[in-house]
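Subject: A structure for you to look at

Hi,

Here is the structure I promised to pass on. Please open it next to this email and follow along as you read.

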Amino acid sequence: MLSKRSFAIPAAGFLGIAACLCLQITPFSQGVPTATSGRVDFLRDIQPVLQASCVSCHGPEQQMAELRLDSRSRALAGGQSGRAIQPGDADGSLLLQRVAGLGEQAQMPMGGKPLDPATIGLIREWIEQGADWPETAGGNGAAVERHWAYVPPSRPELPKVRDAGWVANPIDAIVLARLEDRGLSPSPEADRVTLLRRLSLDLVGLPPTIEEVEAFLADDSSEAYRKQVERLLGSPHYGERWGRRWLDAARYADSDGFEKDLPRIVWFYRDWVIGALNRDLPYDRFIIEQLAGDMLPGATQDQIVATGFLRNSMMNLEGGIDPEQFRMEAMFDRMEAVGKGILGVTIQCAQCHNHKYDPLTQEEYYRLFAFLNNAHEAKVAVYTLEEQRRRQSLLQGIRDVELELQQDHPDWRARMDAWERGLDHDPPQWTVVQPEVDDFSTQGQRYLPLEDGSFLAQGATGGSHRVKMTIRTDQHPIAAFRLELMTDDDLPMGGPGRSINGTCALTEFEVEAAPVDHPDKVHAVKMAAATADIVPAPLELTPTSEGGKPRLIGPVAFAIDGKEETAWGVDTGTVNRNQPRKAVFRAEQPIDHANGTLLTFYLTQKHAGGDDQGTGNRNLGRLRLSITGEAGAEADPLPKRVREILSIDPSRRTREQIRQVFSYWRTTVPEWNPFNERIEELWRQHPEGTTQLVLSERQQLRPTHVLARGDFLRPGERVSAGVPVFLHPLSENGPTDRLAFAHWLVDRKAPTTARTLVNRVWQGYFGIGLVRSSEDLGKQSERPSHPKLLDWLAVEFMERGWSLKSLHRLIVTSATYRQSSRATPQQYREDPYNRLLARGPRFRVDAEVVRDIALAASGLLHPEVGGPSVYSPAPKFLFVRPASFSTKVWEEAQGGNRYRRGIYTFRYRSVPYPMLQTFDAPSGESSCVRRPLSNTPLQALTTLNEPVFLEAARALALRTLRDGGDDREQRLRYAFRRCVARQPTQAEINRLLAFLSEQKHRLADGWVSPWDLAGYDLTERPRLPDGTTPVQLAAWTALSRVLLNLDETISKE
Amino acid sequence: MSNQDQTGITDPHEISRRWFLAQCGVGLGSVALGHLLGETGLAAVTEDRRDPMAPKAPHYAPKAKNVIFLFMAGAPSHLELLDHKPQLTRFDGTMPPAELLEGYRAAFIDPHSTLLGPKFKYSRYGQCNAEISEVLPHLGSVADDIAIVKSMTTDAFNHAPGQILMNTGSQQFGRPSLGAWTTYGLGSEARDLPAFVVFSSGSKGPSGGNACWGSGFLPTMHQGVTFRSAGEPVLYLSNPKGVDSGLQKASLDTVRDLNRMRLQAIGDPEIATRINSFEMAFRMQSSVPELMDISKEPQSTLDLYGAEPGKSSYANNCLLARRLVERGVRFVQLFHESWDQHANLTNRIETNCQDTDRPSAALIKDLKQRGLLDETLVLWGGEFGRTPMVQGTETDGRDHHPNAFAMWLAGGGIRPGTTLGETDDLGFNVVKDKVHVHDLHATILHLLGFDHTRLTHRFQGRDFRLTDVHGTVVKQLLT
């Protein structure tokens, strides 16, 4: 075997691969890695290398030196230089010699990056092992053996094991078989205290209390552990713990991202996730509701809120953007979230070109894209349960008043008919005009023209502006102008405006006209009158304009009064406000140019809120302009909805339609004003609710095109919605819409969905998934460490009705999970990352849990579940200029909200909460299914010096002095156990007490002022427990700070 | 051999354990750790664990060891500063040729707006006869030390995407920044300081936010650490009230002893890493304030920059940048967000130049006199350029313009006294020696000793690189 030494392969870089291949590595000095066990897998290890590095020159398109390496027969046949591969004789194989750069010939790949030594080693091993190249494995069109992850999982047969007594459930059989194969045995079970702390951190993300530990220790029933599992799975904190992980994948955050990064109120979605997990909503339903809850029959508020999953994309409201560009960015982001988070396939790779490794074409990517491409980006009002109850009773109250009216006036029907007959049935004929918008005049906002002649305002909501629109018309005369403000699902609360509650205000409506044949003869059109279908009372806005003048919104006359302080407002002040509106402006003199008129409209919108958040805008959301030549035109006072009903033959109107007409008509009857006022009062009591970004399906199909290189300006062929051929087929019945896609994702035959999920849950427990790359089960992923276990869990999960709690129960009751995490250096050497699972998991907890542990140990934790996100303590300067691009709201939380769990901390994407960021929490800028796990000095500075950690140390000290017992050792044990659950060893006690004494002396000597250390900044000095001194409290604060900074405190063992 | 260690490690857990001495942007001496592990019998475990922040050799001998990127966020006007267009003065007030605007998208204005002549005069500077605006006289004084690129071009014309592209090579969020790639490739020579330090001055933070210095899919330790030149320089660096240095030291000693006991009992090498993290944190508590204290700099140096101890300014940040590279910090980035002149361009450019011209030039001079310029690459520039067309009627302004803009570079293997590239007579399009952002990135990596196609990181089943599938080294800029 001397020849094997003829080329040296450095060992560096090889070890990582070795660990997964289970090769034993000979020392570096011998130069050549030699496999003593483990088999190189062609499909996994070799084919990707050939595809990536060789086939472009030795494949279907080029056959340099007549060699092809894309199919078995061609490769074995060789090329001009002879046989490339001699099975069993690596060093005699040209393939190896050339990639290793041996001999005279140039090293392959020619002109490319040389293969790394580990890869060359793999090729050598593969040839040595006989160059096994499955007949079915080809490339580029040849029949390819299906990648394991694309074959639906089936329940594997469980292996036989020698130590059957160890097996608690089938997980263990599969794990143990692998260990026994390797001559290893599992670790003993962890002691009870360690186990309970592990279980608590895993299931609810909080450490167990001393009482919980003692209860578990005292429970000698055989069901003791299972009882703890059920207790924790039943805790509402379970949903917080595992919900946070889903929120990573769902890229949840509380702001829009990009430079303005405005806050968005979407915590209903976060609470929906927590609630869904707590009630163990089956995972298939969990996915269906998030993808298409709005399309379910009789969709509930909850199901609509769930679609917030897709809306967690960032939104660019920077001035001057092309809104379609960023809608596309959001679409790509959604695709990636579905790919990583649900499918476990890197579909986003095919956004620009066919996937390089997985059999997904670019066209197939856009066919999947088409499923999601037909929705409005809606923002709706949502109500808490309490609000929903109140809402129901108010709506009922309104109906009751109307019924009362009808009962008191039995002739109402006849009177209403008479009213209807008396209505003007010959309204003016309006001609819709859709002028050219001068983009220069919009302050970066875009007016998107729609097919019905209207404009939808999009993009930056930025500043006050006076949009200029110009059109040439042949119509004459022109006597009046109509402005319709329309509702649209793409507007907040449906519009018609862009303010946070969907309203708007029009400061001035101006028109200029010029004859087409004398365009320079421009004259301002003087308006004689303005009418509208809403006559709001004048209302003063706060804040006032910059000059300090009061600003009013009110009747439509305000829009033609020439004053910038006044505007036509369309806000009813109640949730009833989101209605289409119209105004008609009548010219004093009709415009009459026989050869056509150039009309220029100016719509001034200067009633923005003037805050830095951009949330105060009152821009028009969707508008349409019309003109008429008829004299005396006025705005139809009837709401559009009512006018539509009246156009239906009276005999064909439904009860509900009649009621709606009545609801309007009653407001026109003067003597019913007391009743009308009672109803208005009820509307005023209606809760405003909270907002949520959701999807709502469009009526008209939006076309989807293949985009060349993913560029939305280069649309190619139009495609219809469909699924890639390498995955399971779409159900044949029914429409191919977003709901069908949702069902397809969680189809029982979906090969990757269940595997992806169980793999990620496994990763949550053991730090590494059974497939390491939990976002990608595709061809570039590593083979699972335990393929049978992955499949068994996936099948079991589906057969148990996709129940997540059931999956958790399975894993935490396995003997595998319950092993001790202690290991010898020998064990760490052999399996540094615990891929064989011969011991229990041990690693630092997630960012939020780091914080939660300090809060729980100190007793500060405020355990309330759900609700608006909170502004946890953070340096204020981070959220204002110059640190931040814009001034952000950060009203530091006081009281209980200061100590809410990390999941409730408000998340700005551009200014992540520092403590969470330092401990690797993702920012929400893209989907994340695997957090990094770093260990850094900045983390140490945080737990040492960050205010909340110090407040926790103070609280733990106070609590210890109060409840910890009478002597210092008892107290020490108490504080220690609150942090790490177990009892301290004698050595630990000695060291900690020595520290305590030393600090007491220093405090007594006046080195540090005790109240500086132990006093709360927030409240007055705490009352000291009887018989204790400030020096004691300060010394215990110092000690508590040490305990909260221990590696063990923030680690799961 | 190449950076073969830079592929294949994608697992977070593995990263943590494998990079046993791993520190957030901070390289560590490993003597203490080796000792610790020896005690616990874990020494052998560490054979395959190296400090990811230990200085690493790049692909070939580098010209530059450090980078200082003066990022002029908001996008300064090339037409007023570095790209002299006399023809634009001539055509002031006229419409641009229609064919120029075909397919052109502007952010705010109707591209069919009149041209606006440059607002400042230009002068010739140095032996190289470089043409530089009158508002940059200090830059003129170092003209022979810098290379001006007039032919930059980019793909984005909105701020956040433009800044993300300039800083990460992609308009999409989630990619590692230039600084992160640099420390990933080279490690750090700073023992007690982060490898990648970020400052921000100007009126507000950059549009791209934290993503401008993020680590993307690289390990978190590669992200830039923000320093502030006034107040607490690093978040949570100072001891809290009531904790004096004696208590801090005693606390850390106790934490270390307890952690050691646990390491003995449990055997998890991660605990040793934690011990080192705490020691490093303690060292940073003294090294960072020492670094930030510019009051001991000679008055002549302070004057050179226009720096004033205790203030927060771009000038102070420039001086701090020099102090950082002196201490082995690999990548320093100064964000100065104040260049978005949609209106009032003349006045605001003047003000901006008063704030930035002297300190930027001082940095070149100071580095040079200390012999640091040769190994430090300095870059100055924003995310895109400005339109030759005017924005606004009552005032002077320019809109965003991706087609052409200008930057300057100095030191670290850049050929001094060079002017590269040309735009057309209006400064609208590049007509000669186009340098795309990807090409700039390839060139920066080249100067740092990397083949930009080979500095890769495996993520989601694919080898990613800063330049994606683009980028050509700009040879004309090299010495």
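Residues are numbered from 1 along each chain as its sequence is written, while chains are lettered from A and ligands numbered from 1 in the order in which they are written.

**Confidence.** The mean pLDDT (the predictor's confidence in each residue, from 0 to 100) of chain A is 89, and 93% of its residues reach 70 or more. Where pLDDT is low, the predicted coordinates should not be read in detail.

**Domains.** Chain A is assigned domain 1 (2-138), domain 2 (178-231 + 803-836), domain 3 (237-380 + 701-783), domain 4 (385-423 + 647-688), domain 5 (431-637) and domain 6 (947-1052); such bounds come from an automatic or database domain assignment. Between the C-alpha centres of domain 5 and domain 6 of chain A there are 66 Å.

**Where the chains meet.** Chain A gives 96 residues to the contact and chain B gives 88 (two residues are in contact if their C-beta atoms, placed from the backbone, lie within 7 Å). On the side of chain A that touches chain B, 41 residues are nonpolar, 26 polar and 29 charged. Here Ala, Val, Leu, Ile, Met, Phe, Trp, Tyr, Cys and Pro count as nonpolar, Asp, Glu, Lys and Arg as charged, and the others, Gly among them, as polar.

**Two helix pairs.** Helices are DSSP runs (H or I, at least four residues), numbered from the N terminus. In chain A, the axes of α27 (residues 847-858) and α30 (residues 947-963) come within 8 Å and cross at roughly 25 degrees. Axes are lines fitted to C-alpha atoms, for helices over the stretch in contact, and angles run from 0 to 180 degrees between N-to-C directions. That makes α27(A) roughly parallel to α30(A) (angles under 35 degrees count as roughly parallel, over 145 as roughly antiparallel). Their contact has 8 nonpolar, 1 polar and 2 charged residues.

In chain B, α8 (residues 245-266) and α9 (residues 269-292) pack at about 165 degrees, with axes 9 Å apart. α8(B) and α9(B) are therefore roughly antiparallel to each other.

Happy exploring!

Conventions: This is a predicted model: local features need pLDDT of at least 70, side-chain atom pairs count only at pLDDT 80 or more; totals for chains, interfaces and linings use all residues. Angles under 35 degrees count as roughly parallel, over 145 as roughly antiparallel, 65 to 115 as roughly perpendicular and the rest as oblique.
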